[in-house]
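Open the model in your viewer and keep the sequence panel beside it. The tour goes from stop to stop, each time saying what to select and what is there.

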Amino acid sequence: MKFLIIRFSSIGDIVLTTPVIRCLKTQVEGAEVHYLTKPGFKTVVANNPYIDKIHVLQDDWDKMIEELKEEKFDYIIDLHKNLRTLRVKKDLAIPAYAFNKLNIEKLIYTKLKWNVMPDIHVVDRYMRTVQPFGVYNDGLGMDYFIKNEEEVQQRDIPLSHSAGYIAVVIGASYTNKKLPTYKLKELCAKIDHPIILLGAKEEFNDGEEISSVDPIKIYNACGKFSLNESADLTRKAKLVISHDTGLMHIAAAFKKQVIAVWGSTVPSFGVGPYYGSAFLTQQTLVPFDNVQVHKLWCRPCTKFGKNYCPQGHFKCMKNIPIDYIVERVNFRLGKA
């Protein structure tokens, strides 16, 4: 059977689809798995050995559809479920399975603050789309693959960090999913361990301000490395502190200990760090912490994040207890 999995964006959401890719490929005899995504996110799955071919969303829609038709797919697995995936399914006119986005439940949660979300991770909702083929969750968690030539060499980071470091992901797709710079400076100042700051080019100046607290202890790597190189730095970290963003999910894919910091969004959307049941049953310690401001009436205010606080106070991040994060860092590093 020949499958086309669709997930256009973004980094974290694509990483969250990887259990479906692996289980479909390994559990359906003779399965050929193709993946359709946006050009800018092809890197996320480019090295995945369970994918036979990657297709990208094109400006020339008709040309893209003709190329997809030539593949003669048997089924579409729609893990994005939006107007464009609906159009792809209509144009290809083959059987399709789509996951439940729970948009009504999310709307109730964000607008009325009633948590009617089922207690099920989005990975497990993705997995339900392939159950008709006898596919089950193997419990191995998520995947992320990096080529040897994309690994960061020891000479590329300061000697002071060669014995180990904490990765602090300072970026996120939206402003109200990020700790303010002054809070990140406080956090990094209080952590007694080498730190590497990770983020995109847009976070470089913030990284410079944060690292000014202690330029020896804190290395600003924002914008200096590619996505896969940043993923490799995440993989090699002793511990990862991250906002709700792609590198948080990549860290979980590598089974790293994660301290996830939440602002306008909430892990109860089903998007917290995911490790897989096979890994978790072997652990005596839950490998992650979700740090958030509880009982704040305006949370969650959005499904995805925004570049402003609708209430103007930004308490969901300004009130994050930095000392508690430091306490969890020390505990996870065995310093408590």
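**Stop 1: a proline in a loop**

Select Pro300, which lies in the loop between strand E11 and helix H13 (315–318). Helices (H or I, at least four residues) and strands (E, at least two) are DSSP runs, numbered from the N terminus. The model is predicted, so local features need pLDDT of at least 70 and side-chain atom pairs count only at pLDDT 80 or more, while totals for chains, interfaces and linings use all residues. Residues are numbered from 1 along each chain as its sequence is written, and side-chain values use heavy atoms, with hydrogens and water left out.

Is Pro300 buried or exposed? Pro300 counts as buried because its relative accessibility is 1%. Buried means under 20% relative accessible area, exposed over 50%, and partly exposed in between (1.4 Å probe, protein chains only).

Now show what surrounds Pro300. Leaving aside neighbours within four places in sequence, Pro300 is in contact with Tyr109, Thr110, Lys113, Ser264, Val266 and Phe269. Contact means heavy atoms within 4.5 Å.

**Stop 2: helix H6**

Step past the end of H6 to Lys113, whose phi is positive, near 65°.

**Stop 3: helix H5**

Select residues 83–92, helix H5, and colour its buried residues: Thr85, Val88, Lys89 and Leu92. They lie on the same side of H5 because they cover an arc of only 95° around the axis. On the other side of H5, Leu83, Leu86 and Lys90 are exposed. Among the elements that cover the buried residues of H5 are strand E1 (2–6), strand E2 (32–37) and helix H4 (61–71).

**Stop 4: strands E10 and E11**

Select residues 258–261 (E10) together with E11; the two strands pair in the parallel sense over 4 bridges. Two strands pair if DSSP finds at least two bridges between them. Val261 stands opposite Val291 in E11.

**Stop 5: two pockets**

A pocket is an open set of points, on a 1 Å grid over the protein atoms alone, where a 1.4 Å probe fits, with protein on both sides within 12 Å along at least five of seven lines; lining residues have an atom within 4 Å of a point.

The second largest pocket has a volume of about 400 Å³, where a volume is the space filled by probe spheres set on the points, joined across faces, edges and corners. Of the 24 residues that line the second largest pocket, the closest to its centre are Asp119, His121, Pro273, Tyr274 and Phe288.

Finish at the largest pocket, with a volume of about 1,200 Å³. Of its 46 lining residues, select the closest to its centre: Ser10, Ile11, Gly12, Ser173 and Gly246. Which helix gives the most to the lining of the largest pocket? Helix H1 does, with 4 residues.

Methods. The arc is that of the directions from the helix axis to the C-beta atoms.
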